[in-house]
Structures are given as C-alpha cells and as structure tokens.
Amino acid sequence: MSEQQLRVDIVEIGRRLYARGYTASNDGNISARLDDKRLIMTPRSVCKGFMTPEMMCITDLDGLKLAGERDPSSEMQMHLEVYRQRPDVKAVVHAHPPIATGFAVAGIPLDRAVLAEVVTTLGSVPIAEYATPSTKELPEAVRKYVKAHDGMLLANHGALTLGADLFAAYYKMETIEHFANISLVARMLGGERLLSRDEVFRLQGLRGSYGIAAPAPICPDPGDPAQADCQVVQAPVSSTGQRLIPDGRLGTIGPERLRPEASAEREPRASGGRAPRALKDDEIRLTYRELTALIEDAVRNLK
Ligand SMILES: [Zn+2]
C-alpha cells in the first residue's frame with residue numbers, strides 16, 4: 001500500500017474513533033508499517049478526529065523520527081513493542097472506548113464465549129496489567145499477551161488492537177467495544193448464556209474459511225508453553241450436548257451482586273414475615289423491602 005494511502009486511512013480511522021466516542025480530546029493513537037524498516041503513525045497532542053494526511057510521523061523500528069513536523073505519538077513505545085513481537089502485524093490501534101474501558105477499569109476481562117464473531121476474530125480479550133501511560137511499563141505490560149492476542153484491554157486505561165492492515169486493526173476495536181456493550185447489557189439482564197466448548201471448537205475450525213489466521217486466541221491447550229501467556233475463553237463443557245449453557249458464576253452487575261451468599265438458606269428476620277420465594281435451586285427473588293431488611297441485618301451482624 002502506498003504511503004499516501006496509509007496517511008489517508010489513518011486520518012479516516014482517527015475520524016471514526018473520535019466520531020464513535022472511542023477517544024476524547026487528544027487520546028488514542030494509530031500506526032502502520034510503511035515498509036520493513038519504517039512505521040507511519042499519528043503525532044502526539046492532536047485530536048484524532050481532525051487530522052490531515054500530512055500530519056503523520058515516520059519513524060524507524062526503534063522510534064527514531066525520520067520525517068514529519070510533529071513528534072510521534074506518546075504511546076509510540078507500546079506500538080514498537082507490538083511490531084517487535086508480531087512480524088505478521090501491519091497496523092496497531094489504541095483508543096479508550098468507554099464500555100470496554102469500563103470493563104478494564106472494573107478489572108473484568110472479556111473472556112466469555114458468547115458471540116460467534118468474537119470467538120472467531122478475537123477469542124478471549126485479556127486485561128494487560130496496569131501501567132503508567134507513555135512510560136516503559138506499558139510496552140512491558142502489553143508484551144505478556146501480545147503474542148497470543150490480537151486485542152486486549154489495558155487496565156484502567158483503554159484497549160489495544162492489532163491487524164494485518166489498518167482497517168483490520170480498527171475493526172477489532174469496534175468488535176471489542178460492541179462485545180463489551182452486549183456483555184454489559186446481558187449481565188444487567190441476568191447474565192450471559194455461554195457457548196459450549198464443543199461449539200467454540202467448531203467455530204475455531206471455521207476460522208480458516210472466514211480468512212482469519214490469528215495466532216491462537218482460543219488456546220485449546222493452555223499447558224503448551226508456547227501459549228503460556230494466553231487467556232483462555234470461558235466455554236464450559238456441556239454434559240448434555242447443549243450448545244448454550246447458563247453460566248452459574250454470573251451476577252457481577254446489578255441487584256444480584258447485593259444478594260448475600262447465605263441468604264438463600266436464611267429467613268430474613270425483619271422482612272415482615274414473608275419468606276423469600278425459592279424459584280430454582282440457585283435462584284431466589286426478594287422484594288425491595290426483603291432485600292433492604294437482609295442488608296440491614298447483615299450490617300447489624302457486622303457491628
Ligand atoms: Zn491511551
């Protein structure tokens with residue numbers, strides 16, 4: 001691809017990141033391999049929504065500036081680390097999409113096998129450890145997962161995606177944010193039903209026919225040292241052959257979280273007498289009053 005086309009594509013992706021609210025102010029950065037010795041990337045301290053093609057910076061693979069009026073991105077070291085670790089990667093996108101970043105801030109990885117497209121394109125989306133932005137810590141945190149993952153969350157910061165070209169990397173950012181949105185809604189509605197492990201393997205088998213050749217984001221063998229720094233997709237084994245399985249661990253968001261673990265067995269003392277109605281083995285529904293009474297009771301017991 002010509003240098004001019006790369007410049008134009010970076011401008012367009014910056015515009016989309018900003019328009020979709022994936023970056024605020026001057027956040028985010030985008031880079032691509034220009035050839036086997038040079039990178040082209042966004043300059044520091046510009047809003048990605050209003051860039052022009054001539055603003056871009058050209059550096060070597062060590063980050064030395066070769067061309068461009070402005071200095072390269074403050075997160076350049078993170079991009080350089082990705083290119084060092086992944087010869088197959090031709091482009092890197094970093095942004096702060098709010099729902100995915102919310103998961104990164106809450107420390108909740110997007111690791112559940114829920115959507116076929118996500119299982120095939122990204123597998124699991126791990127969280128790289130917190131690192132101070134624009135310091136050497138950040139490339140070190142990213143190094144752990146970058147060999148096995150094309151997309152990851154950055155703890156208390158944002159998200160990072162890689163691809164065989166600029167748009168492939170950008171679309172993975174869209175996929176992560178979309179996945180985060182759906183995961184959030186599903187958890188508010190009571191929790192995801194997960195794809196079974198068999199279904200995940202079936203999807204993995206289809207990857208080739210979709211033209212996806214990511215390294216190993218599904219990681220069927222976590223014991224393999226080559227996949228040591230890989231986060232496995234949560235896909236339970238189905239004993240009945242079902243392809244969708246409720247996940248018993250859910251309930252991290254919403255009123256479920258407030259439910260005291262032992263309350264299923266315990267009578268609420270101050271709830272006005274009515275015992276909670278048991279629905280299924282692991283489910284219990286309480287009125288607001290009953291829930292308040294349980295919490296008050298728990299607080300009293302703590303004192
Ligand atoms: Zn950032």
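This report describes the sheet, the helices packed on it and a few individual residues of a predicted model.

## Basis of the description

The model is predicted, so that local features need pLDDT of at least 70 and side-chain atom pairs count only at pLDDT 80 or more, whereas totals for chains, interfaces and linings use all residues. Residues are numbered from 1 along each chain as its sequence is written, and side-chain values use heavy atoms, with hydrogens and water left out.

## The sheet

Helices (H or I, at least four residues) and strands (E, at least two) are DSSP runs numbered from the N terminus, and two strands pair if DSSP finds at least two bridges between them. On that basis, 8 strands make up an open sheet with mixed pairing, and their order is β4-β3-β2-β1-β5-β8-β7-β6. The edges are held by β4 (65-67) and β6 (127-128), each of which has a single partner strand, so one side of each is left without a neighbour in the sheet.

## Strand β5 and Val93

Buried is used here for a relative accessible area under 20%, exposed for over 50% and partly exposed for values in between (1.4 Å probe, protein chains only). By this criterion β5 is mostly covered, with 5 of its 5 residues buried. Ala91, Val93 and Ala95 point one way from the strand, Val92 and His94 point the other way, and all are buried.

Val93, which is found in β5, has 0% relative accessibility and therefore counts as buried. With contact taken as heavy atoms within 4.5 Å, and not counting residues up to four places away in sequence, Val93 touches Ile13, Leu17, Asn29, Ile30, Ala159, Leu160, Thr161, Leu166, Ala169, Tyr170 and Met173. The C-alpha atoms of Val93 and Met41 are separated by 9.9 Å, although these residues are 52 residues apart along the chain.

Axes are lines fitted to C-alpha atoms, for helices over the stretch in contact, and angles run from 0 to 180 degrees between N-to-C directions. Helix α2 (residues 76-85) lies across β1 (29-33), β2 (38-41), β3, β5 (91-95), β7 (151-154) and β8 (158-163), and runs at about 35° to β1. Helix α6 (residues 166-188) also packs on the sheet, where it touches β1, β5, β7 and β8 and makes an angle of about 140° with the direction of β8.

Of the 10 residues of α2, 8 are buried, so this helix is largely enclosed by the rest of the structure; the buried residues are Met76, Met78, His79, Leu80, Glu81, Val82, Tyr83 and Gln85. Pro139, found in helix α5, is itself buried at a relative accessible area of 6%, and its contacts beyond four places in sequence are Gln77, Met78 and Glu81. Pro139 and Leu80 are 59 residues apart in sequence and 8.1 Å apart in space, C-alpha to C-alpha.

## The pairing of α1 and α6

The axes of helix α1 (residues 3-19) and α6 come within 10 Å and cross at roughly 10°. The two helices are therefore roughly parallel to each other, in a scheme where angles under 35 degrees count as roughly parallel, over 145 as roughly antiparallel, 65 to 115 as roughly perpendicular and the rest as oblique. From α1 the contact draws on Leu6, Asp9, Ile10, Glu12, Ile13, Arg16 and Leu17, and from α6 on Leu166, Phe167, Tyr170, Tyr171 and Met173.

By class, this contact has 9 nonpolar, no polar and 3 charged residues, where Ala, Val, Leu, Ile, Met, Phe, Trp, Tyr, Cys and Pro count as nonpolar, Asp, Glu, Lys and Arg as charged, and the others, Gly among them, as polar.

## Backbone and cysteine details

Most residues other than glycine have a negative phi. Ser45, in the loop between β2 and β3, has a positive phi of about 55° although it is not a glycine, and at 55% relative accessibility Ser45 counts as exposed. Ser134, in the loop between β6 and α5 (137-146), has a positive phi near 60° and is partly exposed, with a relative accessible area of 45%.

The structure holds 0 disulfides, a disulfide being a pair of cysteine sulfur atoms within 2.5 Å. Cys47 is buried with a relative accessible area of 17%, and Cys57 is buried with a relative accessible area of 0%.
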